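This briefing goes through one structure topic by topic. Have the sequence and the 3D view open while you read.

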Amino acid sequence: MKDFARRMVGIDRRLIFLLVAVAVLFPLLRPFGLPIKISPEVNAVYDYIEALPERSVFLISFDFDPSSKPELEPQGIALLRHAFRKNLRIIGMTHWLTGTGLADSVFSKVAAEMGKERGKDYVFLGWSPGGGALIISLGQDLYKAFPSDYQKNPTHGMPVLEGVRNLRDVNYMVSLAAGGAGIEMWYVFGKDKYRFEMAGGSTGVIAPGLYPFLRSGQINGLIGGLQGAAEYETLIGQRGTATAGMDAQSATHFVIIVLVILCNVFYFVLRGEKGRSA
Amino acid sequence: MIFLKRQLPLAITFFMGTAFALQYYIPHPVSEDAITNVSKWMQIISGFALLLGIASLFHVHAVKIQRQVPGWGYSLVLYVAMLGTIAVGFWAHGETKVNGAQTGFGWMYDYTMVPLQGTMFSILAFFIASAAYRAFRARSREASVLLAAAVMVMMGRVPLGQFLAPWTWDVTQWLLNVLNSAVRRAILIGVSMGSVALSLKIILGIERSYLGGGKDQ
Amino acid sequence: MIVASILLLLLTGGAALAAPPSLVPPEGFRVLDTPNDAGKSLSLVWKASPADNKDRKVEVWAVESPSADFKKVAEYPANTRYVKPGDFPWWSRPVGQGDHYVKLSSSKAFPIEDGRSYAVKLLVREGDQEVWSDVSQAASYPDRFNTAQVNNLIFALAFTGILLASIAAARRNPHVHLRRIAGLDAVEEAIGRSTEMGRPILYLTGSGGMSDVSTIAATVILGEVAKKVAHYDTTLKVPHRDPIVMAVCQEVMKEAYVQAGRPDAYKEDSNFFITDDQFSYTAAVDGIMLREKPAANFFMGSYFAESLLLTETGAGTGAIQIAGTDSDHQLPFFVTTCDYTLIGEELYAASAYLSREPVLVGTLRGQDFGKAFIMGVLVFGTALATVGVVVQTEIFHYVLDLFKDFK
């Protein structure tokens, strides 16, 4: 037993990698479809969008790059589906240069699915450098910050932007963020100055760090990681990749829990042996 | 030369830092126009920083290839990839799609950039498992608390855990909203004070390391 | 006859009692320039009435020029638009708490120009009844200072003063007591281990630029590590993501070797630039770890998703790992994979502790005063707010408002 415990404590990492790979793959091939519980922070985002009148202005910032696509793209798709269903006017943009193509393809895909027209129902402004400076620029004059959209169409006179001069005219804003240039920056340079309501969507890693902002009301809701995306898909009644991914995430978490428990069992067996021999 | 390298940047930093710190308290349109213009300048300068990054990359790896230092082959691969992407990007005029059809630049983005970045990030899932197996041992009281909290949150954040032990969801929500928020707030306040202190030191010219060079700056 | 009279009286009296009370004009209605704004808006204030209810409507009528007619610009239910606690600080409140306040901003329907006087009146309607208020006039002007944020400015100036005083005090006496950070003992151990094993030390300064506190702290600690390494002739490798940070680190290391009396031991290529892309840099550093198998890895500065990729690879090579970061979202990964972790401000304190630079020591002390003040306000403010709720008084808001952030 002790030899076995000693071998298991120093097990080759690649075996652990293999177990994780199986845990991820198997549920994707044979989903088990468990119910998804909705958390209050995700519900808050849903309720706010649900209560917005038609043709309200909704700004969504895709502040991530392809590395965070698995977690944040499903959030973006679910939010866009909801917003299009509510006939909101959607303004899209990004602070991450390498995420521009990704964001534009999400917009095109969901808009085509919901029968929405670029320029009339939504506009994707694209990327512009500056981070906080860009937000301030948007807050003063959207048309100076983005004279044209991602497809080089002039923003002035676009039907979707009618009556929108700057960030003060935005009714709701969500930043889907993977790190540095994201939710905190939007709050500090955007909401604090221009007083629009905002929420955040983030990767699972940075979500716990955003709870202070949620608790103090600086953001009114938070969609955290793939679980948050799955909850939002459940709320809008349209399941997608996030819900499918939750089975894989469930299995992986359980594999890790079992491994951690086993590791502790072996550790205590060895510790007991050391104690006896001392 | 010393004036241009030291005194002038310090003077500009002091003036602009003080002016825009005070701007926060001045609602007058003149103040708002000032911040709008300066934001535009910052956006333009950020654009230049991109060029600077690319120029540095070209220079450093060119030297490595020239001197054939160990690992210069990787520098050559980097050069070929960079120049190839730039050439295709210019050829496609920076567009990823034209009239619904994907350009070469779009193809490179979708079939190299996206999978490569996704792959690097995905490695984290495997590394988390191996790190957890190695590190989550109940060596001490604190480690045991960490272990218990980690197991509960891992269960509470997935449907399978919520199904098998519904109480883990409530515990997870409490941990995230109460304990986690409290501790993060404490760290946030401390780190923010550090940032404010650094900003004040930079504005007042006490901290000069951003000018480059050593202690005597 | 008497019975008939009594009956008549009861009927007419009953009818009088059943009739709704006649509307009265809003009490204390006036128009004023909106305080603390950029102009082009007016504020309307009037006293709350117990008779305000959702069926009663208040219409705002305004006129742009003396020759024009009044036109309706807004309408609200009478039981809305109250001044709530937290809307205004007591020192710049335009009207009493609980009274009505409406901000009329310039719009396409009713443009407001600065410097021009506008006449406004209210129409209160309920059922068939309606009553007009008196006409009030005011002009809009942009304000030069936001008085609602004067508390914020005072605290900012006070903190600046404390910081400067602490730095000045530290310049006079740099030997201020600083608590020993546990991870710093491990630095010597790590360097000794690398020297014995004849393997290099890998030092990373993180993802931030020179304007990040954590990067500055990382470069200071690099200087101290370099001084120790210079004595032992151990190889120190510092791969970079930022060319400016690399330039600073080159100077810091060169000076450290000079101070240690070993300028000849300094190698120009100790600091080298890889790339500024997150995962490309990570892949390159992982490659260095796997090929050269450093005996000690230092991860100082700010990090993002690459942290676990770096530390887990390093752990796999058997290196001793010391981390220090203010990136709280990466702390769990550092704590589980590194032997020692400096958390948040411990990184700043470590740089001050090692270098004993008066500026760093003084800054740390100033920050400590700031944190002590915040902790005191938290405890005191919570106690006051709780007592206020228990005894049902709002008098403590005069103190609590001093510490709130108003816009």
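The model is predicted.

**Chain B as a whole**

- Chain B contains 7 helices and 2 strands, and their order from the N terminus is α-α-α-β-β-α-α-α-α.
- The radius of gyration of chain B is 26 Å, whereas a compact globule of 217 residues would have one near 17 Å.
- Along the principal axes, the C-alpha atoms of chain B fill a box of roughly 65 × 50 × 45 Å.
- Of the 217 residues in chain B, 40% are buried.
- Among contacts in chain B with a separation of 6 or more, 24% are between residues 24 or more positions apart.

**Helix α8 of chain A**

- Helix α8 of chain A covers residues 183-194, and its buried residues include A:I183, A:W186, A:K191 and A:Y194.
- The cover over the buried residues of α8(A) includes the strands β1 (57-63), β2 (89-94), β4 (172-177) and β5 (197-202) as well as the helix α6 (132-140), all of chain A.
- After α8(A) comes A:R195, which has a positive phi near 60 degrees.
- A:K191 makes a salt bridge with A:E197, with the closest N and O atoms 2.9 Å apart.
- A:K191 counts as buried because its relative accessibility is 15%, under the 20% limit.
- A:E197 has 23% relative accessibility and so counts as partly exposed.

**Other salt bridges**

- Over all chains, the structure holds 29 salt bridges.
- One of them joins A:D104 and A:R118, whose closest N and O atoms are 3.1 Å apart.
- A:D104 is in helix α5 (residues 100-114) of chain A and A:R118 is in the loop between α5 and β3 (122-127), so this pair ties together parts 14 residues apart in sequence.
- A:D104 is buried at 4% relative accessibility, while A:R118 is partly exposed at 22%.
- In chain C, the side chains of C:K47 and C:D99 form a salt bridge with an N to O distance of 3.4 Å.
- C:K47 lies in the loop between β2 (41-46) and β3 (57-63) of chain C, and C:D99 in the loop between β4 (71-77) and β5 (100-105), so the pair links parts 52 residues apart in sequence.
- Salt bridges with shared partners also join C:E59, C:K72, C:E75, C:R125 and C:E130 into one network.

**Loop residues that touch another chain**

- A:S39 sits in the loop between α2 (13-29) and α3 (40-51) of chain A, and is buried with a relative accessible area of 2%.
- Leaving aside residues up to four places away in sequence, A:S39 touches A:E231, B:W169 and B:Q173.
- C:A305 sits in the loop between β12 (296-300) and α7 (306-316) of chain C, and counts as buried at 14% relative accessibility.
- Beyond residues up to four places away in sequence, C:A305 touches B:F121, B:L124, C:Q278, C:F279 and C:Q330.

**Domains and surface of chain C**

- The domain assignment gives chain C a domain 1 (23-139) and a domain 2 (179-355), and the C-alpha centres of these two domains lie 62 Å apart.
- A nonpolar surface patch of about 660 Å² accessible area is formed by C:W90, C:F155, C:F373, C:I395, C:Y398, C:L402 and C:F403 together.
- C:I395 is in the loop between α10 (358-391) and α11 (397-400) of chain C, and is exposed with a relative accessible area of 52%.

Note on methods. Residues are numbered from 1 along each chain as its sequence is written. Chains are lettered from A and ligands numbered from 1 in the order in which they are written. This is a predicted model: local features need pLDDT of at least 70, side-chain atom pairs count only at pLDDT 80 or more; totals for chains, interfaces and linings use all residues. Side-chain values use heavy atoms; hydrogens and water are left out. Domain bounds come from an automatic or database domain assignment. Patches are made of residues with over 30% relative accessible area and no salt bridge: like charges are joined within 9 Å, nonpolar side chains (Val, Leu, Ile, Met, Phe, Trp, Tyr) within 5 Å. Accessible areas come from the Shrake-Rupley method with a 1.4 Å probe; for residues, only the protein chains shown count as cover. A salt bridge is a side-chain nitrogen of Lys or Arg within 4 Å of a carboxyl oxygen of Asp or Glu. Helices (H or I, at least four residues) and strands (E, at least two) are DSSP runs, numbered from the N terminus. Buried means under 20% relative accessible area, exposed over 50%, partly exposed in between (1.4 Å probe, protein chains only). The radius of gyration is taken over C-alpha atoms; the globule rule is 2.2 Å times the number of residues to the power 0.38. Contact means heavy atoms within 4.5 Å.
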